[in-house]
Amino acid sequence: GDVTDAVSDGINGFILSDYNDENELVSLLELFTSNPEIINNLSVKVKEVKDKYSFETASNIWNDILKK
């Protein structure tokens, strides 16, 4: 997989279409500074992703598979 498996653009993170595009990055940073609630929302959503892809979660999934 790639980053889009874990990041939903605008929901739990932002995916730049071109990481070399300085204007896109500046626009995103301006969005963050003008809308601090976006950062708060991202921090909640990213915790959900962290839990979904944590070592503990993966370990539990593999344990369940191997028990069958």
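Reply: Helices (H or I, at least four residues) and strands (E, at least two) are DSSP runs, numbered from the N terminus. Glu24 is found in one of these elements, helix α1. The model is predicted, so local features need pLDDT of at least 70 and side-chain atom pairs count only at pLDDT 80 or more, while totals for chains, interfaces and linings use all residues. Residues are numbered from 1 along each chain as its sequence is written, and side-chain values use heavy atoms, with hydrogens and water left out.

Me: How do you know what confidence the predictor assigns to the protein chain?

Reply: The mean pLDDT (the predictor's confidence in each residue, from 0 to 100) of the protein chain is 89. A value of 70 or more is reached by 99% of its residues.

Me: Why is Asn12 called buried?

Reply: Asn12 has a relative accessible area of 12%. Buried means under 20%, exposed over 50%, and partly exposed in between (1.4 Å probe, protein chains only). Asn12 is therefore buried. Asn12 belongs to the segment before α1.

Me: Which residues does Asn12 touch, not counting residues up to four places away in sequence?

Reply: With contact meaning heavy atoms within 4.5 Å, Asn12 touches Ala6, Val7, Leu42, Lys45, Val46 and Val49.

Me: How do you know whether Leu42 is buried or exposed?

Reply: Leu42, in helix α2, has a relative accessibility of 14% and therefore counts as buried. Leaving aside residues up to four places away in sequence, Leu42 touches Ile11, Asn12, Gly13, Phe14 and Phe32. Its C-alpha atom is separated by 26 Å from that of Ser59, 17 residues apart along the chain.

Me: Why is Tyr53 called partly exposed?

Reply: Its relative accessibility is 45%, so Tyr53 counts as partly exposed. Tyr53 sits in the loop between α2 and α3. Apart from neighbours within four places in sequence, Tyr53 is in contact with Asp5 and Ala6. Tyr53 and Ala6 are 47 residues apart in sequence, and their C-alpha atoms are 8.1 Å apart in space. For Glu24 and Tyr53, 29 residues apart in sequence, the C-alpha to C-alpha distance is 28 Å.

Me: What makes Lys50 and Asp51 a salt bridge?

Reply: A salt bridge is a side-chain nitrogen of Lys or Arg within 4 Å of a carboxyl oxygen of Asp or Glu. The closest N and O atoms of Lys50 and Asp51 are 3.2 Å apart, and the two residues form a salt bridge. The count by this rule comes to 1 salt bridge. Side chains of opposite charge can pair when their charged atoms come close. Lys50, at 54% relative accessibility, counts as exposed, whereas Asp51, at 44%, is partly exposed.

Me: Which residues form a nonpolar patch on the surface?

Reply: They are Ile61, Trp62, Ile65 and Leu66, with about 460 Å² of accessible area together. Patches are made of residues with over 30% relative accessible area and no salt bridge: like charges are joined within 9 Å, nonpolar side chains (Val, Leu, Ile, Met, Phe, Trp, Tyr) within 5 Å. Areas come from the Shrake-Rupley method with a 1.4 Å probe, and for residues only the protein chains shown count as cover. Ile61 lies in helix α3 (residues 55–67) and, at 46% relative accessibility, counts as partly exposed.
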